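Student: I'm new to this one and would like a close look at a single part. Please walk me through the packing of the side chains, and what sits around it.

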Amino acid sequence: DTGKMKWYFQYTPHDVHDWDANQIQVLADLTIDGRPRQTLITANRNAFYYVLDRVTGEFLHAAPYAKQTWAKGIDPKGRPRVVEGTEPTYEGNLVYPSLQGSTNWPSPSFSPQTGLFYVPVREMGSYYYKTDVEYEAGQPFTGGGERRLADEAWGAVRALDAKTGAHVWDFRLPSPSWSGVMSTAGGLVFSGSNEGNFYALDAKTGAPLWQFQVGGIVRSNPTTFLVDGRQHVSVAAGRAVFMFALPAR
């Protein structure tokens, strides 16, 4: 009511890899250790999946959900046990994930029906550099950068156990996707790929059920809505918006 801060949580203290993630926080009511909890769950850019109590801000759990080489794990207070020597260097230091993160702005999705959290995952590392830089008004002032291992990169829609972050299944993609993920009450998971496929997966198993080639990179989040009682699914790709209707009963 007042805007006064009640609590906060910092995912990556002293962030030197630009994993400045405050997206995408998902509200989920989960039973943790036999106790109902109003939680805040997220797959962070830093490659760790987090479960917080959204009422109190209490850290409940974290687990890696993608390849990472910068932390030995997360301590009981939610702070990372950082591996020494993983900061950027003048020569370049190979660290996973890349600056783009193990996921980025495309939305994940949580299904209360399956208890799974679906994440568009980016499996890629980077050589992180630091440089000497002098401030000049109007010019970028970064002091470093990255060289991505794009030739080794791949992507996936990855299903995690929402309570623990445990890996349940992958739908592997040739390259790291920029498409969001949407799960539905009909037991489907929709997403898209850089190769131009818009597709539906089985929400429990990840098995592919349907796809459509849209002819351009899918860089948006799927959405669904009703028209005259009939469910439609829509996605933007390339320079067009595509709409599909589920078969009428």
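Tutor: Here is a walk through the cores, the rings and a few backbone spots beside them.

This is a predicted model, so to speak: local features need pLDDT of at least 70, side-chain atom pairs count only at pLDDT 80 or more, and totals for chains, interfaces and linings use all residues. Residues are numbered from 1 along each chain as its sequence is written, and side-chain values use heavy atoms, leaving out hydrogens and water.

Let's start with the cores. A nonpolar core here is a set of buried Ala, Val, Leu, Ile, Met, Phe, Trp, Tyr and Cys residues joined through side-chain atoms within 4.5 Å. Buried means under 20% relative accessible area, exposed means over 50%, and partly exposed is in between, with a 1.4 Å probe and protein chains only. The largest such core has 17 residues, and Ile41, Tyr49, Tyr65, Phe110 and Phe117 have the most contacts inside it. At least two residues of this core come from each of β1 (26–32), β2 (35–43), β3 (48–53) and β9 (116–123), with β1 giving the most, 4 residues. Those names follow DSSP runs, numbered from the N terminus: strands (E) have at least two residues, helices (H or I) at least four.

Zoom in on phenylalanine 110. Leaving aside residues up to four places away in sequence, phenylalanine 110 touches Val26, Ala28, Leu30, Ile41, Gly115, Leu116, Phe117, Ala162 and Ser183, where contact means heavy atoms within 4.5 Å. There is also a second, separate core of 14 residues, and Phe9, Phe48, Val95 and Tyr128 are among them.

Two neighbours of the story are worth a look. Isoleucine 24, in the segment before β1, is partly exposed at 26% relative accessible area. Its contacts, again not counting residues up to four places away in sequence, are Ile41, Thr42, Trp105, Pro106, Ser107 and Pro108. Arginine 37 is in strand β2 and counts as buried, at 10% relative accessibility. A search of the whole structure finds 18 aromatic pairs. Rings of Phe, Tyr and Trp (its six-membered ring) pair if their centres lie within 6.5 Å, and planes under 30 degrees apart count as stacked, over 60 as edge-to-face and the rest as tilted. One of these pairs is phenylalanine 9 with tyrosine 11: the centres are 5.1 Å apart and the planes are at 75°, so the pair is edge-to-face. Phenylalanine 9 is buried at 18% relative accessible area, and tyrosine 11 is buried at 10%. Phenylalanine 212 and phenylalanine 244 are also edge-to-face, because their ring centres are 5.2 Å apart and their planes are at 70°. Phenylalanine 212 lies in strand β17 (residues 208–213) and phenylalanine 244 in strand β20 (residues 240–245), so this pair ties together parts that are 32 residues apart in sequence. Phenylalanine 212 is partly exposed, at 36% relative accessibility, while phenylalanine 244 is buried, at 19%. Both belong to one aromatic cluster, formed by Phe190, Phe198, Trp210, Phe212, Phe242 and Phe244.

A charge sits over a ring if NZ of Lys or CZ of Arg is within 6 Å of the ring centre and within 35 degrees of the ring normal. The charged end of lysine 67 is over the ring of tyrosine 96, 3.9 Å from its centre, and arginine 172 lies over the face of tryptophan 154, 3.7 Å from the ring centre.

Tyrosine 96 brings us to the backbone. Most residues other than glycine have a negative phi, and most peptide bonds are trans. Tyrosine 96 and proline 97, however, are joined by a cis peptide bond, with omega about 0°; proline 97 is in the loop between β7 and β8 (109–111). Alanine 47 has a positive phi, near 85°, and is found in the loop between β2 and β3. At 0% relative accessibility, alanine 47 counts as buried. Histidine 14 has a positive phi as well, near 50°, but histidine 14 is exposed, with a relative accessible area of 71%.
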